[in-house]
Amino acid sequence: MPEDKMIIVYFIPLPLRLDWQGRICWAVQEGYGHKAFDRLLAIPGVKDHFGLAYHNTRGLHQTIDSVPPHAKWQSTFLAFADKPDHKHELHYRNLVDAIRTLLGNPAHAKDIIYKPATVFTDNTYSSHIYNEMWTGHWWHAIQDRLPEGASVVPVIIATDKTQLTRFLASKSAYPVYLTLGYLSVDKILKNELSAREVSARVHHLFHASLCIILDPLKEAGKEGIEVVGGDGLVCMVFPILACYVADYPEQCLVTCTKYGTCPKCRARAEELAEIQMFTHRTQPWTTSIIDNANISTMTNAAFRKKCMLHDVAGGVFEPFWLEFPHCDIHLAITSNVLHQFYQGMFKHMVEWCQELMNEEELDQRLRTLPSYYGVHHFHEGWTSLGQIDGKERKHMARVLLACLVGKVPKGVILAYCTLLDFIYLAQYPTHDDTTLEYMQQALKDFHHHKEVIINLGIRDNLDIPKFHSLQHYLDNIRKFGMTDNYNMEMFERFHIDFCKEGWYVSNGRNEKS
């Protein structure tokens, strides 16, 4: 075998697998203090009985550090020209190395799909099935553009800023998930800067950081890379940015969209409540708006103002996604069940309930609901809840309608019922053309009954971006499969495992210590 095709296998330098899984992982993951673990190893006979290759915590960490990394961490700094001493730190891994690691893991070998497939409900081939991403239209379209024998590697990127500290100190991280990369979250110095200038610098810092982190994907997506799969076979793959998962403010930040409008279509802020298909935003269209504004203006303020006339945020001149092959950033922005449904739309629904009845009555109705298997019983109502996470909002959604019957007008019940129908239909693990028709009908029914919310004086209008986003769910499912493929909920858990727990065991000053 030629040297450039040789497969290099790294072995963990441990005498026994038990030493790694049964002792090292246990010692680190259980979070015991260093001194406590040292005292355990100091007991006569413990080290020899278990055949340990280390005799204290320092030796344990040295053993862990001796394991060859698959994708090494790198660090760099970003700074603005007028404040060169205020540096923004960036930690990241090479994404191509991360992709090689994921595809080369033997544990994943039986689960990795290298080609798309069209699946139907029966032998009449009349109704498509959409579940995994390889059943969606996007993968088929990209596969047709690649050389024969090559495969698509759909890259899903997610960003979500999170707090690291629990109380006073405002320390936060901005992780980028394919593998971990931390965007700089150092506060921008606001001395002598207007609010718009600070916003522009946030845009610039965000796009400059992602440009560095995601840069390896550009060349790899154009030329392809050879990877060794978990089964030991070498294949040519093209990593393509398929989905970008984020909450609404970050969707606007990523796509350079004016806040309050849609990052996927050209619906204006005052048109978001309408049920109609607007012209899609495209990457060339957004780029042309930015370029034209850049050429025809002399100041940053004038540039931003001209971009805003077309509902494009004028925060950056060169977004990070300019040269990504086979990618349109507006198409890559996907639905987000956690933030759009439970932390967005359903949150509004609960707030509107409090306009129709006082909080005490709502709590009383919740307390009197009978207990039922699989349904959470709110013994103290909802007002006693503190910071409500996605799981709690799912429990709340299951009992909301039962609390409204007999108290609110029938039109409100019908509007809420259709929204809840849409929420649950959208989360089906498998869709076909029939279930997508159910979703479309539920959306039409909501728009038929929504005027009751305005007529009761609860709101002046329903031009809410997260409600408008419902119109894009069907298209996202057809292109990328079920919503669970790109739901932010799975990345929220990563905040705990990869950000917060690491921060808590650090010295709180130097994150790398």
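The lining of the largest cavity in this predicted model is made up, by class, of five nonpolar, nine polar and two charged residues. About 100 Å³ of space lies in this largest cavity, and of the 16 residues that line the largest cavity, Gln251, Cys262, Pro263, Gln340 and Ser469 are the closest to its centre. Two helices, H9 (248-255) and H19 (465-468), each supply at least two residues of this lining, and H19 gives the most, with three residues. Rolling a probe the size of a water molecule over the atoms shows where empty space is left. Counted by this rule, the structure has four cavities of 30 Å³ or more.

The residues that line the second largest cavity are Leu272, Ala273, Leu443, Phe446, His447, Lys450, Leu462, Phe467, His468 and Leu470. Which elements give two or more residues to the lining of the second largest cavity? They are H17 and H19, and of the elements in this lining H17 gives the most, with three residues. By class, the lining of the second largest cavity has seven nonpolar, two polar and one charged residues, whereas the lining of the largest cavity has five nonpolar, nine polar and two charged residues.

Helix H17 also leads us to a pair of packed helices. Helix H16, which covers residues 410-426, and helix H17, which covers residues 433-449, pack with their axes 8 Å apart and at an angle of about 155°. Because angles over 145 degrees count as roughly antiparallel, this angle makes H16 roughly antiparallel to H17. The crossing of H16 and H17 is left-handed. On the side of H16, the contact is made by Gly411, Leu414, Ala415, Thr418, Leu419, Asp421, Phe422, Leu425 and Ala426, while H17 brings Tyr438, Met439, Ala442, Leu443, Asp445, Phe446 and His449 to the contact. Sorted by class, the residues of the contact of H16 with H17 divide into 11 nonpolar, three polar and two charged. Leu443 and Phe446 of H17, which take part in this contact, are also among the residues that line the second largest cavity.

The axes of helix H10 (residues 283-296) and helix H11 (residues 300-308) come within 9 Å and cross at roughly 145°. Is the crossing of H10 and H11 left-handed or right-handed? The crossing of H10 and H11 is right-handed. The contact is made by Ile289, Ile290, Ala293, Asn294 and Ser296 of H10, together with Phe303, Lys306 and Cys307 of H11. By class, the contact of H10 with H11 has five nonpolar, two polar and one charged residues.

Methods: Residues numbered from 1 in each chain as written. Predicted model: local features only at pLDDT ≥ 70, side-chain atom pairs only at ≥ 80, totals over all residues. Heavy atoms only, no water. Axes fitted to C-alpha atoms, helices over the stretch in contact; angles between N-to-C directions. Helix = DSSP H or I, 4+ residues; strand = E, 2+ residues; numbered from the N terminus. Parallel < 35°, antiparallel > 145°, perpendicular 65-115°, else oblique. Left-handed = near helix turned anticlockwise from the far one by under 90°. Contact = heavy atoms within 4.5 Å. Nonpolar A, V, L, I, M, F, W, Y, C, P; charged D, E, K, R; others polar. 1 Å grid on protein atoms, 1.4 Å probe; cavity = no way out; pocket = protein on both sides within 12 Å on 5 of 7 lines; lining within 4 Å. Points joined across faces, edges and corners; volume = space filled by probe spheres on them.
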